[in-house]
Amino acid sequence: MNYAVIKKNDIANGPGVRVSLFVSGCRHHCKNCFNEEAWDFSYGTPFTDETAEEILAALAPGYVSGLSLLGGEPFEPENQEEVLRLARLVRRCFPEKTIWCYTGFTLEKDLLSGRTGSLQVVRELLSCLDVLVDGKFMEALKDPGLIFRGSSNQNIIDVPKSLEAGHTVLLAGKWRRTMGSGNIDEA
């Protein structure tokens with residue numbers, strides 16, 4: 001697996017200060033994607049054990065809330081095993097930190113149905129996540145008032161509750177930015 005970039009002080013892709021890994025490779029090709037260069041699976045740098053250690057070191061400070069996995073597409077079959085390995089490592093080393101993942105796939109239709117590679121790997125990866133933001137970015141549904149997602153078709157999912165219930169359970173609230181104030185509210 002290759003990755004495009006690691007952001008060590010990201011405040012845009014989940015609550016608090018986060019470490020964000022942008023993996024390479026995506027077949028969704030959403031119109032006006034903010035990260036088109038990461039569609040190419042060979043873009044960027046190979047993910048190595050040293051990369052994983054760099055991420056763990058960046059997660060160590062107490063002010064860092066957790067890890068966000070983005071892309072490209074973390075759930076592309078070519079990326080699943082390496083993303084799972086990293087998620088397991090983060091869970092083991094930092095059980096108190098949250099793991100968010102962004103995907104163009106949908107939880108029920110794509111991920112839990114086995115349409116995206118190894119169902120066993122996908123289910124284990126999901127079991128490591130706290131939150132999944134699912135659904136392709138859709139330019140026609142773009143809403144700058146939304147927080148932690150780009151278009152209104154995307155869901156912010158409570159993964160542990162969803163896996164327990166057997167269906168999608170949204171994270172409490174509709175996360176929106178209060179225009180003009182810079183505050184984040186649950187509507």
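Guide: In helix α1, the residues T51, A52, I55, L56, A58 and L59 are buried, where buried means under 20% relative accessible area, exposed over 50% and partly exposed in between, with a 1.4 Å probe and protein chains only. Helices here are DSSP runs of H or I with at least four residues, strands are runs of E with at least two, and both are numbered from the N terminus. The model is predicted, so local features need pLDDT of at least 70 and side-chain atom pairs count only at pLDDT 80 or more, while totals for chains, interfaces and linings use all residues. Residues are numbered from 1 along each chain as its sequence is written, and side-chain values use heavy atoms, leaving out hydrogens and water.

Visitor: Which residues does T51 contact, beyond its neighbours within four places in sequence?

Guide: T51 belongs to helix α1 and counts as buried, at 5% relative accessibility. Contact means heavy atoms within 4.5 Å. With those neighbours left aside, the contacts of T51 are Y3, I6 and P46.

Visitor: How many aromatic pairs does a search of the whole structure find?

Guide: Rings of Phe, Tyr and Trp (its six-membered ring) pair if their centres lie within 6.5 Å; planes under 30 degrees apart count as stacked, over 60 as edge-to-face and the rest as tilted. By a search of the whole structure, the number of aromatic pairs is three.

Visitor: What is the arrangement of the rings of Y3 and F47?

Guide: Y3 is buried at 11% relative accessible area, and F47 is buried at 9%. Their ring centres are 6.2 Å apart and their planes stand at 85°, so the pair is edge-to-face.

Visitor: How many residues apart in sequence are the parts that this pair ties together?

Guide: Y3 lies in strand β1 (residues 2–10), whereas F47 lies in the loop between β3 (45–46) and α1 (49–59). The pair therefore ties together parts whose separation in sequence is 44 residues.

Visitor: Which residues does L89 touch, not counting those up to four places away in sequence?

Guide: L89 is placed in helix α2 (residues 77–93). L89 is buried, with a relative accessible area of 18%. Without counting those residues, L89 touches A52 and L56.
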